[in-house]
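Please read them with the structure open beside you.

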Amino acid sequence: MDYIPNTDKDRQKMLSAIKAPSIDALFSDIPKKALLKGALRLPSPLSEPELKKELRSLSEKNTANGHRVSFLGGGSYNHFIPSVVRHLAGRSEFYTSYTPYQAELSQGMLQAIYEYQTMICNLTGMDVANASMYDGATAAAEAASLACRHTGRRNVYVSEALHPEYRTVIKTYGRFAGWNIEEVSPDSSMKDPACFIFAQPDFFGRIEENAATFSDVVHSKGGLSIATVDPISLGLLAPPGDYGADVVVGEGAALGGAPSFGGPGLGLFACKKAFLRLMPGRLSGATVDDKGRRGFVMTLQTREQHIRRDRATSNICTNEALNALTATIYLSALGKAGLKKVAELCLQKANYAKELIKKLPGFSLPHSAPAFKEFVVSMPFSAKKANEALLGKGIVGGLDLSLFYPERKNQMLLCVTELIAKADIDRLVKALGEVK
Amino acid sequence: MKYSKEHEWVKIEGDIATVGITHHAQDKLGDVVFVELPEVGKAFKQMDEFGVVESVKTVSTLYSPVSGKVTEVNKDLSAKPELINDDPYGNGWIMKLKISSPADADKLIGSDDYQKLIEG
């Protein structure tokens with residue numbers, strides 16, 4: 001049974017309006033051999049108990065995140081999520097609502113977004129934050145776009161140590177926007193840069209001590225300094241505003257979101273006030289009504305695609321309200337001291353693991369810079385081999401760097417967050433030492 | 001005073017043109033909240049985009065009714081964009097240009113034709 005409300009007569013009328021002889025004719029572009037002939041081959045119907053059993057046996061083929069200790073990071077992280085986060089964010093008035101079209105009717109949602117923006121500004125040291133974007137990668141590309149609009153230039157310089165997938169997204173954006181994208185080391189020369197985009201900590205987990213120099217160099221050439229950050233690290237590291245960043249972007253999923261298949265993401269986007277009207281997306285602003293009472297309004301929507309069409313600041317015409325709300329609840333639950341504690345635990349545990357692994361025979365650390373929660377190890381065998389052996393012992397290993405950097409043979413990016421116990425680290429080190 | 005079909009007005013005195021948006025334009029836009037002004041010294045050809053005006057409802061592109069170089073912009077609009085609503089032909093002026101091509105004015109329309117355009 002299907003639920004298509006129009007009648008055969010309606011359909012005939014629509015077909016004749018577009019001068020199509022039949023519904024099948026609408027699919028004439030699809031090669032005949034690719035078309036399904038006959039009915040779908042599906043198993044026979046099941047009763048509800050049978051179906052549940054079937055689905056359970058399918059789900060048991062997976063290993064759920066959290067059932068094994070995991071040292072996998074590379075952009076999507078396991079952090080502890082206090083119960084209050086899902087309890088509040090899961091309330092139906094938040095969970096089931098779609099984007100508020102009559103935004104001011106949803107004062108609660110607008111206030112939540114306003115609080116979110118304030119927290120992101122506090123964390124990043126920026127003046128304004130938008131109501132969020134899709135994910136860290138699109139936020140980074142939007143930041144490049146802002147820099148091109150501001151400078152009237154097309155040369156986008158990207159650090160080689162920025163997440164490889166972020167660089168791919170920036171290239172996708174730039175392909176038809178006419179950007180010249182160069183992947184460079186921060187000390188190489190830049191010509192008429194619109195911006196320099198770098199990560200703090202970088203993709204290899206390194207804390208970049210020369211971030212202020214990056215900003216100075218790109219500023220001296222008239223470009224903008226764009227930092228992509230791990231928001232958890234901002235519990236401990238200086239806000240990018242302190243080292244001269246003009247725009248700060250990042251992946252905010254770690255703020256209360258689980259790494260389910262790498263998503264959904266939360267694009268953090270904040271900048272200095274001078275770029276407010278070049279900023280993509282919308283934001284929630286505080287104001288007073290005609291009786292002087294505090295209220296919130298959706299603002300800067302006028303520059304979005306549904307109003308400005310082809311002249312819009314960006315093609316993103318929405319925000320990730322539920323994820324932004326989740327981040328707000330997470331940060332409120334942790335507070336300043338809690339976020340700092342999470343960051344400290346990550347740093348201490350990652351560095352404990354790093355020091356132990358370094359001592360394993362045949363192992364070394366390719367980078368000397370301080371690590372935040374991730375670090376690269378060079379091993380006497382491939383990462384693939386290491387990960388297979390670890391999995392056999394119930395441990396999810398690190399990211400095989402040869403997937404992104406073919407020259408980084410036998411290198412693995414390991415991630416240690418506050419969720420990893422000391423005993424887990426000791427188990428990892430032992431297991432790595434036993435790989436044959 | 002002459003008009004562009006994009007709802008800018010221009011007043012020409014000697015080789016200086018003062019440019020703003022019409023009463024009809026400000027009325028359709030609603031409350032103006034921000035005006036993006038051009039830089040002094042910048043040259044525009046006739047009907048080049050020279051800025052944008054943002055209202056609570058929308059953002060609208062501004063087109064230069066004549067060719068020329070910007071000699072002055074109305075800095076008061078940064079703090080008081082509502083001058084465009086309150087006094088579109090007076091204190092709500094947007095920029096002054098040194099005209100580079102006097103013949104441009106012939107391509108603009110007069111008040112009767114502009115009236116017809118907005119009524120049409």
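How many residues does the contact take from chain A, and how many from chain B?

1. The model is a predicted one, and in it the contact takes six residues from chain A and six residues from chain B.

2. The crossing in which α5(A) passes α10(A) is left-handed.

3. The residues that α5(A) brings to this contact are Met109(A), Ala112(A), Ile113(A), Glu115(A), Tyr116(A) and Met119(A), and they meet Ala321(A), Ala324(A), Leu325(A), Ala327(A), Thr328(A) and Leu331(A) in α10(A). Sorted by class, the contact of α5(A) with α10(A) has ten nonpolar residues, one polar and one charged.

4. Helix α10 of chain A, which spans residues 321–358, also packs with helix α12 of chain A, residues 422–433, at an angle of about 25 degrees and with the axes 10 Å apart. Because angles under 35 degrees count as roughly parallel, α10(A) is described as roughly parallel to α12(A). Here α10(A) passes α12(A) in a right-handed crossing.

5. In this pair, Lys349(A), Tyr352(A), Ala353(A), Leu356(A) and Ile357(A) of α10(A) meet Ile425(A), Leu428(A), Val429(A) and Leu432(A) of α12(A). By class, the contact of α10(A) with α12(A) has eight nonpolar residues and one charged residue, with no polar ones.

Definitions and conventions
Residues are numbered from 1 along each chain as its sequence is written. Chains are lettered from A and ligands numbered from 1 in the order in which they are written. This is a predicted model: local features need pLDDT of at least 70, side-chain atom pairs count only at pLDDT 80 or more; totals for chains, interfaces and linings use all residues. Axes are lines fitted to C-alpha atoms, for helices over the stretch in contact, and angles run from 0 to 180 degrees between N-to-C directions. Helices (H or I, at least four residues) and strands (E, at least two) are DSSP runs, numbered from the N terminus. Angles under 35 degrees count as roughly parallel, over 145 as roughly antiparallel, 65 to 115 as roughly perpendicular and the rest as oblique. A crossing is left-handed if the near helix is turned anticlockwise from the far one by less than a right angle, and right-handed if clockwise. Two residues are in contact if their C-beta atoms, placed from the backbone, lie within 7 Å. Ala, Val, Leu, Ile, Met, Phe, Trp, Tyr, Cys and Pro count as nonpolar, Asp, Glu, Lys and Arg as charged, and the others, Gly among them, as polar.
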